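Biologist: Hi! Could you walk me through this structure while I have it open on my screen?
Modeller: Happy to, just ask away.

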Amino acid sequence: MSGPVTLQIYPSLILGVETQQVEVFDSDLYWQAQQLISLMYLQNGKGLAANQAGLNISMCVIEFDEKLPPKVLVNPVWTGNDEASLPTIDSEEGCLSFPGLKVKVKRAPRYTVRYQDLTGVTLVETFLGMDACVVAHELDHLRGFTFLDRLGPVMKDIQTRKWNKLQKRVRQYNQMMGRM
Ligand SMILES: [Zn+2]
């Protein structure tokens, strides 16, 4: 069993690595999923990929509806069935690995995914609209990409500068607090 999960802030190295497939569906996996869900709630997020919590496994958790338990997607892959010709939608996204940053990303309005549940059963599900955007965001994480990788070069540069500035302010604050 692995230790407690820790939120990974960009540019933590694990965020840039493709995660490993889950092969064993046991109580450890169930426990890890519970840890991800707790961390997601604690951080007030809509979704969380395992590598954002320091776990190198292909699993993410997403809360689609506050009234329902979050969904756990193990080894999720895009089926490639959705028409590329559909007009993209502008998705304004936050990310728990980039606290304070909001990024506008173009996403497909329909996203069909094959994944396994915590017992290893394979499911195929189509997500629409903002749900599709959240799923695509988390699948990107599991492949080692962040929303910055979905931007064109100019926007990527602007957002990276913005992020670096935010990080600098956090460091300055921490130094100041350290001196008190
Ligand atoms: Zn994210």
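Biologist: How far apart are the end C-alpha atoms of helix 3?
Modeller: In this predicted model, the end C-alpha atoms of helix 3, residues 153-179, are 39 Å apart. That agrees with expectation, because 27 residues at 1.5 Å a residue should span 39 Å.

Biologist: And how many of the residues in helix 3 are buried?
Modeller: The count is zero among its 27 residues, so helix 3 is hardly covered; a residue needs 20 or more other C-beta atoms within 10 Å to count as buried.

Biologist: OK, stepping back. How many helices and strands does the protein chain have?
Modeller: The protein chain has three helices and seven strands. Reading from the N terminus, the order is α-β-β-β-β-β-β-β-α-α. The radius of gyration is 17 Å, close to the 16 Å that the globule rule gives for 180 residues, so the chain is as compact as a globular protein of that length.

Biologist: What does the C-alpha trace span along its principal axes?
Modeller: About 55 × 45 × 30 Å. As for burial, 30% of the 180 residues count as buried.

Biologist: Which residue in strand 2 stands opposite Leu 48?
Modeller: That's Val 61. Strand 1 (47-49) and strand 2 (residues 59-62) pair over three bridges, in the antiparallel sense.

Biologist: What about the inside? Which residues have the most contacts within the largest nonpolar core?
Modeller: Leu 48, Cys 60 and Val 135, in a core of 35 residues. Elements giving two or more residues to this core include helix 1, strand 5 (103-107) and strand 6 (110-116). The largest share, seven residues, comes from helix 2. Speaking generally, nonpolar side chains tend to be buried together in soluble globular proteins.

Biologist: I work with cysteines a lot. What does Cys 60 touch, leaving out residues up to four places away in sequence?
Modeller: Among its contacts are Leu 48, Ala 49 and Leu 73, along with Glu 138, His 141 and Leu 142. Gly 47, Ala 50 and Pro 76 are touched by Cys 60 too.

Biologist: Why does Asn 44 count as exposed?
Modeller: Because Asn 44 has 8 C-beta neighbours inside 10 Å, and 12 or fewer counts as exposed. Asn 75 has 18 such neighbours, so Asn 75 counts as partly exposed.

Definitions and conventions
Residues numbered from 1 in each chain as written. Predicted model: local features only at pLDDT ≥ 70, side-chain atom pairs only at ≥ 80, totals over all residues. Helix = DSSP H or I, 4+ residues; strand = E, 2+ residues; numbered from the N terminus. Pairing = 2+ DSSP bridges. Core = buried A, V, L, I, M, F, W, Y, C linked by C-beta atoms within 7 Å. Contact = placed C-beta atoms within 7 Å. Expected span 1.5 Å × (residues − 1). Rg over C-alpha atoms; globule rule 2.2 N^0.38 Å.
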